[in-house]
Amino acid sequence: LPHPAPPDREGFEREALVHLDAVYRMALRLSGSPADAEDLVQETMLKALRAWHRFERGTNAKAWLLTILRNTYINQVRATRHRAATVDVTEVEAFTVFRDIQDADPEGSFFAAIVDDEVVRAIDALPPDFREVLVLSDAEDLSYGEIATVIGAPVGTVKSRLFRARQLLQQRLLDYAVRAGYVRRRGR
Amino acid sequence: MTGASDPIDCRQAAARLYEFLDGELTPAADAAVRSHLADCAHCLALHDFEQAYLRFLAMRLRAQGAPPHVQRRILRELFE
């Protein structure tokens, strides 16, 4: 069957397709595999094109696309297996990294020594609830309100998850950097 | 209204640090954190460290995009 003529292909290309990189990045972080990410991106963009007439002009098209992406992913996962249970109980002690290395490396220059693969590995190892808010904020620069809409949770939940996600990731990156010999912890 | 916010302590400033860096605070709360940082070298150092961390994260996380074959596949599927 031929696709129905898109009512506004130019508008879709200009406002939605320009976010393909963001959709792909998020798909990769959600699904964990390039092949699954590709399929997820394709399904997301097809759904978005069909629903384009319902997109509210003047709102954030990237947030709209990432919402479609996340819903598509969750429906897929629900169909095959249960998504890992929510981990909101995770306790993360705040600002231990700064406390441990503020004398040795107050500017955090050890971060720059960590290779890309290791950063991605550490992010992919975060609990899913933490990973998605971190990616939506720190990779895609969405506001707390936009993230709340994407994940269907209150802004307060976004705030506390993002805080703990960033701190947990920072602790794991420091662990890696210490093992790799890039930086030393205080008193060790 | 700025400059007349209630003073906050180190614990409160740290709790709001990410919201401050993300530009998510109300003008009054933003002013309170800003004013604490101006008076507290320790919290300012923490602020600078966390700011460097968030910049590092953004840079690394935004480096990757959709590979060319994915871009071609999507364009083909969407418009052909």
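Trainee: Why is E140(A) called buried?

Mentor: The relative accessible area of E140(A) is 1%, and buried means under 20%, with exposed over 50% and partly exposed in between (1.4 Å probe, protein chains only), so E140(A) falls in the buried class. Keep in mind that this is a predicted model, in which local features need pLDDT of at least 70 and side-chain atom pairs count only at pLDDT 80 or more, whereas totals for chains, interfaces and linings use all residues. Residues are numbered from 1 along each chain as its sequence is written, chains are lettered from A and ligands numbered from 1 in the order in which they are written, and side-chain values use heavy atoms, with hydrogens and water left out.

Trainee: What makes E140(A) and R25(A) a salt bridge?

Mentor: Their closest N and O atoms are 2.8 Å apart, and the term requires a side-chain nitrogen of Lys or Arg within 4 Å of a carboxyl oxygen of Asp or Glu, so the pair qualifies. It links distant parts of the chain, since E140(A) sits in the loop between α7 and α8 of chain A and R25(A) in helix α2 of chain A, 115 residues apart. R25(A) is also buried, because its relative accessible area is 10%.

Trainee: How do R14(A) and E15(A) classify, buried, partly exposed or exposed?

Mentor: R14(A) has a relative accessible area of 52%, so it counts as exposed, whereas E15(A), with 25%, is partly exposed. Their side chains meet in a salt bridge at 3.9 Å, N to O, and that value still lies within the cut-off.

Trainee: Why is the pair of R73(B) and E38(A) said to join two chains?

Mentor: The closest N and O atoms of R73(B) and E38(A) are 2.6 Å apart, and the two form a salt bridge. R73(B) lies in helix α5 of chain B and E38(A) in helix α3 of chain A, so the pair spans both chains; helices here (H or I, at least four residues) and strands (E, at least two) are DSSP runs, numbered from the N terminus. Both residues are buried. R73(B) also meets D39(A) in a salt bridge, at 2.8 Å, N to O, and the count between chain B and chain A is 5 salt bridges.

Trainee: Which elements of chain B supply the side that touches chain A?

Mentor: At least two residues each come from α1 (10-15), α2 (17-21), α4 (41-62) and α5 (68-79) of chain B, and α4(B) gives the largest share, 14 residues. In all, 35 residues of chain B are in contact with 50 residues of chain A, where contact means heavy atoms within 4.5 Å. In α5(B), the buried residues are V70(B), R73(B), I74(B), L78(B) and F79(B), and they pack against α1 (9-15), α2 (20-31) and α3 (34-50) of chain A.

Trainee: Why does Q167(A) count as buried, and which residues does Q167(A) touch?

Mentor: Q167(A) is buried because its relative accessible area is 0%. Located in helix α9 (residues 155-179) of chain A, Q167(A) touches residues of both chains, including F95(A), Y18(B) and E50(B).

Trainee: Why is L142(A) called buried, although in a loop?

Mentor: L142(A) lies between α7 (128-139) and α8 (144-151) of chain A, yet its relative accessible area is 4%, so the buried class applies. Among the residues L142(A) touches are N60(A), L66(A) and V150(A); N60(A) is 82 residues away in sequence and 8.8 Å away in space, C-alpha to C-alpha.

Key:
Lists of a residue's contacts leave out its neighbours within four places in sequence.
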